[in-house]
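Here's a walk through a two-chain model, written to be read with the structure open beside you. Keep the viewer handy and follow along.

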Amino acid sequence: MVANPSQAKFDKAKRDSAPIDSPSTLQRFIGRREFGPLVLLIVEIVVFSVLSTTFMSTGNISNLLAFTPEMGMMALGMTMLITSGEFDLSVGSVFGLAPIIMWTLFNQEVMPLELAFFVALGFAVLIGFFNGWFVTKLKIPSFLVTLGMMMVARGTALYITDGFPQRTWRAETALTEIIVGDFYIGDFRVYASLLWFILFAVVLGFLLTQSRFGNWIQAAGGNSSAAHARGVRVNRTKIMLFILTAVMAAYAGITSSIRVSAANPNSGTGYELEVIAMVVIGGTALMGGYGTIIGTILGVFILRMMRNGIVMIGIPGLAYNIFIGAIILGMMALHSWLERRHHSGT
Amino acid sequence: MATELVRMENINKFFGRVQALENVNFTVYENEIVGLLGDNGAGKSTLIKILSGAVLQSSGKIYIHGKEVDIDNTTDAINHGIETIYQDSALVTQLSIARNLFLGREPLKGPSFLQWMDQDKMNVEASRLMREVGITKNIPPTTPISALSGGERQAVAIARAMFFDSDLIILDEPTNNLGVEETQGVLRFVRSARDSGHSCIFIAHNIHHVFEVVDRIVVLRRGEVVADDIDPKQTTVHEVEEVITGMRVM
């Protein structure tokens with residue numbers, strides 16, 4: 001920088017200006033978007049533990065942890081996609097279709113299970129690619145594209161199977177053990193899917209917050225034209241995230257089919273909205289630009305524990321949706337209030 | 001005459017049947033600030049967008065340092081040393097200052113199969129750059145853009161162009177929505193950018209701002225260049241206004 005008279009003024013101004021108060025660690029912690037969901041989760045756990053003696057039992061917790069990773073994996077993929085400013089309504093259908101493809105190929109003795117597994121994931125890659133290509137190249141909103149794909153994938157699963165579930169119990173191979181084998185720690189039954197969920201969460205969390213790709217995801221969701229002007233490959237980033245989301249859904253569906261010993265062409269119906277709800281409850285911005293994997297994990301547990309807890313304390317399971325809806329509305333109100341407070345403070 | 005930096009030759013641009021630019025010839029030399037003026041719809045933005053890779057010309061050639069180049073997208077332009085600061089601030093408001101400064105060119109560390117952003121380096125550089133453009137407040141580089149004022153945002157965009165040492169910095173309405181002091185800050189930067197060897201194209205509605213800072217004025221009118229060598233020191237604002245509206249030929 002060239003020396004100029006304003007430099008002296010600037011130095012003086014620097015001396016005069018008191019350093020801005022940096023918020024304390026506690027304040028920063030409370031200011032985080034994950035803080036609201038964390039409080040909600042803790043409240044939920046406390047309330048259910050008080051009202052139900054069995055809620056915190058080993059049996060119930062291990063039950064809860066059996067199913068949660070499957071929704072959780074879908075939510076992890078969805079978090080990345082929503083951060084980039086898009087979303088995917090076809091995940092529930094892909095959750096149903098992928099295991100149908102895998103088990104049909106295996107049961108009809110077309111190919112060994114391991115190969116069928118990769119073929120099923122390959123289909124998910126194609127579905128994700130088509131979603132992404134339609135959204136980015138043809139500029140059709142992701143709502144419409146993935147709504148169409150939701151029906152195509154579900155229809156395909158029903159057509160292949162004539163609507164009948166595929167049996168999956170015939171195979172106890174190394175592959176199924178790796179995906180969702182169970183083992184005991186004391187009385188505590190743990191499925192391998194929980195470990196995969198943790199691994200995926202760590203990898204995707206790292207990717208989103210620490211990597212260049214993560215920076216591009218947030219930029220694509222925040223201001224895609226500005227990102228594009230900086231040389232960020234917005235379309236490619238989004239297509240890759242559509243693929244990631246579809247693959248995560250397929251993997252979750254396969255996991256589920258092995259765990260419950262059946263691949264039902266209807267399974268996963270309605271999951272897409274629950275998964276999106278988990279993501280936004282956790283603090284990820286539905287319109288993109290900001291995403292949090294930690295928040296999503298909290299969101300996943302908030303909704304899964306709610307489903308489990310209200311049954312445990314004797315509320316009819318049919319009332320579940322009332323609570324979910326109330327949580328979504330409450331969390332959105334909280335996020336918007338925090339947002340406004342944040343802006344008025346600057 | 002000084003060395004030629006960028007030359008656009010016989011540029012035509014059609015949007016459907018509308019011709020936005022007609023045989024435009026436009027040259028920027030090294031170490032100069034060119035003011036690009038014209039009424040709304042005169043073709044300033046289109047010309048700039050072609051140069052920055054946001055729009056493709058229908059016909060015509062672009063030379064940089066005398067060599068013909070294709071600018072098919074914004075990455076090409078940036079790689080050729082052309083940096084554009086748009087009026088609708090080219091920043092991602094949700095991201096921090098540091099992340100915006102390095103967007104698209106994030107410094108990486110770690111082994112090649114597993115690389116992550118060198119955020120320490122980004123933050124240190126960002127703080128230094130913000131001081132260089134003259135932000136006196138002590139703003140942490142991790143602050144999101146959404147928490148900054150209009151002038152501070154402009155400063156981030158300008159710091160980015162400076163850091164990446166572009167040969168040509170295009171400023172599209174950089175003084176819009178800025179206070180008097182912040183406007184002076186921007187003009188000061190434009191001058192120091194030239195003094196440190198950059199060239200600038202300066203587009204502004206406020207002709208007085210243009211007069212204060214540029215070496216040469218080019219006027220577009222209805223897609224054609226009607227004057228390309230107006231010396232602001234030997235011309236009045238009023239005369240240039242007449243050229244823009246077509247009441248005077250120079």
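Is A:R33 buried, exposed or partly exposed? A:R33 is partly exposed, because it has 19 other C-beta atoms within 10 Å. The cut-offs behind that: a residue is buried with 20 or more other C-beta atoms within 10 Å of its own, exposed with 12 or fewer, and partly exposed in between, with C-beta atoms placed from the backbone.

## Before you dig in

This is a predicted model, where local features need pLDDT of at least 70, side-chain atom pairs count only at pLDDT 80 or more, and totals for chains, interfaces and linings use all residues. Residues are numbered from 1 along each chain as its sequence is written, while chains are lettered from A and ligands numbered from 1 in the order in which they are written.

## Around A:R33

You'll find A:R33 in the loop between helix 2 (25–31) and helix 3 (35–51) of chain A. Helices here are DSSP runs of H or I with at least four residues, strands are runs of E with at least two, and both are numbered from the N terminus.

Leaving out residues up to four places away in sequence, A:R33 touches A:G283, A:T292, A:G295 and A:H335. Contact here means that the C-beta atoms, placed from the backbone, lie within 7 Å. Take A:H335: it sits 302 residues from A:R33 in sequence, yet the two C-alpha atoms are 7.4 Å apart.

## Chain A overall

Chain A has 15 helices and four strands. Along the principal axes, its C-alpha atoms fill a box of roughly 85 × 50 × 35 Å. Of its 346 residues, 45% count as buried. If you look at chain A contacts between residues at least 6 apart in sequence, 77% join residues at least 24 apart.

## Chain B overall

Chain B has eight helices and twelve strands, and its C-alpha trace spans about 55 × 40 × 35 Å along the principal axes. Buried residues account for 46% of its 250 residues. A compact globule with 250 residues would have a radius of gyration near 18 Å, and chain B agrees with that at 19 Å. That radius is taken over C-alpha atoms, and the globule rule is 2.2 Å times the number of residues to the power 0.38.

## Two domains in chain B

Chain B splits into domain 1 (1–81 + 167–250) and domain 2 (91–165), with bounds that come from an automatic or database domain assignment. Their C-alpha centres lie 27 Å apart. Where they touch, domain 1 of chain B supplies ten residues and domain 2 of chain B supplies eight. On the domain 1 side, helix 6 (residues 180–195) of chain B gives the most, with five residues.

## The six-stranded sheet

Six strands of chain B form an open sheet in the order 6-9-10-3-11-12, with mixed pairing. Two strands pair if DSSP finds at least two bridges between them. At the edges are strand 6 (82–85) and strand 12 (224–230) of chain B, each pairing on one side only. On average, neighbouring strands of this sheet are turned by 20 degrees against each other, direction ignored.

What about strand 10 (residues 199–203) of chain B: how many of its residues are buried? Five of its five. B:S199, B:I201 and B:I203 point one way, and B:C200 and B:F202 point the other. In a regular strand the side chains alternate between the two faces of the sheet. Strand 10 of chain B pairs in parallel with strand 3 (residues 33–37) over four bridges, with B:I33 opposite B:C200. Strand 9 (residues 168–172) of chain B also runs parallel to strand 10, joined by five bridges, and there B:L171 stands opposite B:F202.

Helix 6 of chain B lies across strands 3, 9 and 10 of chain B, running at about 155 degrees to strand 10. Axes are lines fitted to C-alpha atoms, for helices over the stretch in contact, and angles run from 0 to 180 degrees between N-to-C directions.

## The four-stranded sheet

Chain B has another open sheet, with four strands in the order 2-1-4-5 and antiparallel pairing. Strand 2 (18–29) and strand 5 (67–69) of chain B each have a single partner strand, so one side of each is left without a neighbour in the sheet. Strand 4 (residues 59–64) and strand 5 of chain B are joined by three bridges, and B:I62 stands opposite B:V69 in strand 5.

Definitions and conventions. Two residues are in contact if their C-beta atoms, placed from the backbone, lie within 7 Å.
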